[in-house]
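Have the sequence and the 3D view at hand as you read.

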Amino acid sequence: MPLLNEMRHPAGFDFAAWQDHVCALLTAWLLNDFTWAGQPLGAHIATVTVEFGDGHRVQVWQSPEATMGLAQPCAMKRRTGLEDAEWNPWHPVWLELAEAGWHLEGRWLHPHTSHEIDQFAFAENRGNLLIACADRSRPGSPPNMDPTSSPYLTDQSVIAVPFFPHRALRHLEEGQSPAAAMLLVAGTAVVEFAVHEALETFQSWPGKPVWDPHDSVYYLKSVARWANPAAITVGWPILPR
C-alpha cells in the first residue's frame, strides 16, 4: 500500500475536469491579469506542468505567446562569487537584486507588494507577493482587496505568497541577469499560487474543495518551463496552514 504522500490525489478528484479548470485560471492570470514590464507573464512562461507524489507529470498549460527570451544566449555569463551570499546580509548581490527593477504588476497583486522589495529582506530569504485570493465559501466572487491599506493591518482576502529571494542566486549562477532572476522568482510564485487557487476553487460544494490545497497529506509540485533561454523553476502549491 503506498504512503499517503505518494498517492496521486484524493479519492474522488476528477483530474480531467480540474485540468480544464487550472488551465482556464492560468490563462487568465498569465495572459491577462499579471504582467512584467507591461508584458503578460505568459510571454515569458512557455508551459506549466504539475507533478504528483507518485512521479506522474501532466502539462496543464501552454502559452500561445511565449516567443521572447529573458536574454540572448550570447549575453549569458555564469556568475561567480556568490558562495557566501546566503549567510552574508551585506553581500552586494542583495542590493543589486533589490535595485534590478521590480516590474511585476497584476489585477490581484496588492500594491504594498512593493514594500517587500528590500535588500535585507532578500538576504534573509524573505519577500512575498501579496495576492488577493478567492473566498473559499464564495469561490466565484471577487476577492476582497483594498489597495489603499496594508493587508497586514486590515481584514482583506490577501495572502502573502513567498517568492524566496535566495532562488535568485541559482539563476544568477546560471547566467541570468539580476532583472531576469527577479522575473523568474516572481513568476514562479505567481504560477505556484495560481495552481493553489485552482485547487481551492475546484469544489464538490461551496466551501469544500475536492482537494484541499492546505492538506499536506498529498504532494503536488508546479513546474514552469520558461522561454529562451531555457529555464525551469519549481513551486509548491500545497500550503499547510
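A salt bridge here is a side-chain nitrogen of Lys or Arg within 4 Å of a carboxyl oxygen of Asp or Glu. By this rule the count comes to eight salt bridges. The model is a predicted one, in which local features need pLDDT of at least 70 and side-chain atom pairs count only at pLDDT 80 or more, while totals for chains, interfaces and linings use all residues. Residues are numbered from 1 along each chain as its sequence is written, and side-chain values use heavy atoms, with hydrogens and water left out.

**Charged pairs**

Side chains of opposite charge can pair when their charged atoms come close.

| Pair | N to O distance |
|---|---|
| R126 and E124 | 2.8 Å |
| R136 and E200 | 2.4 Å |
| E174 and R170 | 2.8 Å |

How open are these side chains? In what follows, buried means under 20% relative accessible area, exposed over 50%, and partly exposed in between (1.4 Å probe, protein chains only).

In the pair of R126 and E124, R126 is partly exposed at a relative accessible area of 45%, and E124 is exposed at 52%. For E174 and R170, which also meet in a salt bridge, both partners have values in the middle class: E174 is partly exposed at 31%, and R170 is partly exposed at 37%.

The salt bridge between R136 and E200 links distant parts of the chain, 64 residues apart. R136 sits in the loop between β6 (128-132) and β7 (158-162), and E200 belongs to helix α5 (residues 178-200). Helices (H or I, at least four residues) and strands (E, at least two) are DSSP runs, numbered from the N terminus. E200 is buried, with a relative accessible area of 5%.

Salt bridges also form a network, which links E51, R57 and K221.

**Strand β3 and its partners**

Now turn to strand β3 (residues 45-52), which is mostly covered: eight of its eight residues are buried. Two strands pair if DSSP finds at least two bridges between them. Strand β3 runs antiparallel to strand β10 (residues 220-226), and seven bridges join them. It also runs antiparallel to strand β4 (residues 57-62), with five bridges between the two.

Which residues stand opposite T49? In β10 the residue is V223, and in β4 it is Q59. The hairpin of β3 and β4 has four residues between the strands, and G55 there takes a positive phi near 90°.
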